[in-house]
Amino acid sequence: MNYSSSISFFFFIILLVQLISISSAAYNEQDQNKKSPLDVDLPVGDIGLDDSFASSEILHSDEWPSSSYYHRRCPNKNVEKIVNKKVKEWVDKDYKIAPSLLRLHYHDCAVRGCDGSILLNNDGSERRANVSKTLRGFEVIDDIKAELEKECPKTVSCADILAAAARDATVLLGGEYWDVPLGRKDGRVSIGKEADIVPMGHDNVTTLLEFFQSMGLEVSDLVILSGAHTIGRTSCAQVQDRIYNYKGTGKPDPSINEKYLNFLQRRCRWASEDAELDAESPWKFDNMYYKNLQNGLGLLPTDQLLLSDKRTEPIAKALASMPSFLYGQIFGASMKKFGKVNVLSGDEGEIRTNCNFVNSHSY
């Protein structure tokens with residue numbers, strides 16, 4: 001057995017163990033007749049990524065991190081149901097806002113951690129940075145925040161709203177539900193230059209791995225979370241070099257499927273146009289992204305590179321070969337882990353009354 005197949009086999013064994021864990025967790029939740037804000041059986045469990053989550057929720061059910069964090073802080077009101085209701089209203093009007101909310105959460109956590117800093121709207125903030133110009137969904141978070149301020153003033157953080165909204169938006173496009181631990185505080189600092197560290201689709205695998213490791217994440221998390229590109233779209237400006245002048249050669253990237261290349265060259269004549277990240281099912285959350293990579297249908301350079309690096313290739317292939325629902329559960333587990341990156345708690349942050357400004361701001 002060669003190196004690649006050995007790693008792939010090992011990864012399959014891990015996934016099998018995780019699936020057993022998922023089934024057990026789901027059974028236990030059904031026994032307790034618990035329902036999620038989306039009226040589906042509550043969470044698939046932690047999938048073995050961090051046992052401290054489960055023990056923390058049992059011992060301190062109203063403290064971070066806990067899905068019941070707001071139960072006593074916002075009595076008689078289900079915070080997550082309010083978030084879900086609002087997200088559904090927006091997605092019903094514009095389904096393309098769903099992947100935008102997931103991306104917004106990613107950009108938030110990637111800079112300073114999951115502290116809502118991407119939402120601050122002042123000169124020099126992350127939101128005003130060049131890499132953030134195509135971000136959408138801010139108005140959704142503002143709408144949710146306004147509703148929650150009426151129901152539970154000065155209680156629910158913008159960072160928590162964004163984390164829950166990203167989950168609900170994903171589920172509405174066919175993804176699997178995951179439990180979002182709540183209790184984050186909002187940060188008071190947002191620096192535009194810091195947003196430049198966010199990968200924009202042109203990095204090599206080593207750079208991506210180092211970026212994820214800096215957040216306490218692993219190789220598997222990089223590959224699993226890259227699957228978020230199974231929904232949504234990107235600016236053609238991000239792929240024009242790849243389809244017209246790859247690495248300055250004056251030719252397209254030879255790894256692109258020929259028919260797909262012809263399509264992209266017609267679609268992306270202008271940098272201002274958009275292209276779907278998933279060529280087959282761009283508005284359905286599934287594992288088609290990984291199957292596309294095997295057929296040369298990865299859109300961004302960093303997408304297709306996952307199949308050309310021995311550290312990521314076996315994981316990507318394993319994810320391509322499993323049922324979409326199982327991938328969705330594994331994705332949710334990595335998102336739960338990602339949502340803990342450098343969170344603020346206690347006096348480290350605040351609960352903003354307006355997600356656009358820190359509370360001390362005089363506007």
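**Salt bridges, a pocket and a covered helix**

Let me start with two residues, Glu-80 and Arg-167, both of which are buried, where buried means under 20% relative accessible area, exposed means over 50%, and partly exposed covers what lies in between, with a 1.4 Å probe and protein chains only. The model is predicted, so local features need pLDDT of at least 70 and side-chain atom pairs count only at pLDDT 80 or more, while totals for chains, interfaces and linings use all residues. Residues are numbered from 1 along each chain as its sequence is written, and side-chain values use heavy atoms, with hydrogens and water left out.

The side chains of Glu-80 and Arg-167 form a salt bridge with an N to O distance of 2.5 Å, the criterion being a side-chain nitrogen of Lys or Arg within 4 Å of a carboxyl oxygen of Asp or Glu. Because Glu-80 sits in helix H3 (residues 79-93) and Arg-167 in helix H6 (residues 158-172), the pair ties together parts that are 87 residues apart in sequence; helices here are DSSP runs of H or I with at least four residues, strands are runs of E with at least two, and both are numbered from the N terminus.

Asp-143 is partly exposed, at a relative accessible area of 23%, whereas Lys-86, at 13%, counts as buried.

What do the two strands contribute? Arg-233 and Asp-274 form a salt bridge, with 3.7 Å between the closest N and O atoms, and since Arg-233 lies in strand S1 (residues 233-235) and Asp-274 in strand S2 (residues 274-276), the pair ties together parts 41 residues apart in sequence. Arg-233 is partly exposed at 36% relative accessibility, and Asp-274 is partly exposed at 27%. Going back to Asp-143 and Lys-86, salt bridges with shared partners join these two with Lys-85 and Glu-89 into one network. The count of salt bridges comes to 22.

For the chain as a whole, there are 14 helices and two strands, and buried residues make up 56% of its 363 residues. Of the contacts (heavy atoms within 4.5 Å) between residues at least 6 apart in sequence, 73% join residues at least 24 apart.

Turning to the largest pocket, its volume is about 950 Å³. Its lining comprises 42 residues, and Arg-103, His-107, His-229, Leu-277 and Leu-300 are the ones nearest its centre. Helix H4 (97-110) supplies the largest share of that lining, with seven residues, and the elements supplying at least two residues each include helix H7 (205-214), helix H14 (324-338) and S1. By class, the lining holds 22 nonpolar, 13 polar and seven charged residues, where Ala, Val, Leu, Ile, Met, Phe, Trp, Tyr, Cys and Pro count as nonpolar, Asp, Glu, Lys and Arg as charged, and the others, Gly among them, as polar. A pocket is an open set of points on a 1 Å grid over the protein atoms alone, where a 1.4 Å probe fits, with protein on both sides within 12 Å along at least five of seven lines, and lining residues have an atom within 4 Å of a point. Grid points are joined across faces, edges and corners, and the volume is the space filled by probe spheres set on them.

Finally, helix H13 (residues 313-320) is mostly covered, with seven of its eight residues buried, among them Glu-313, Pro-314 and Ile-315.
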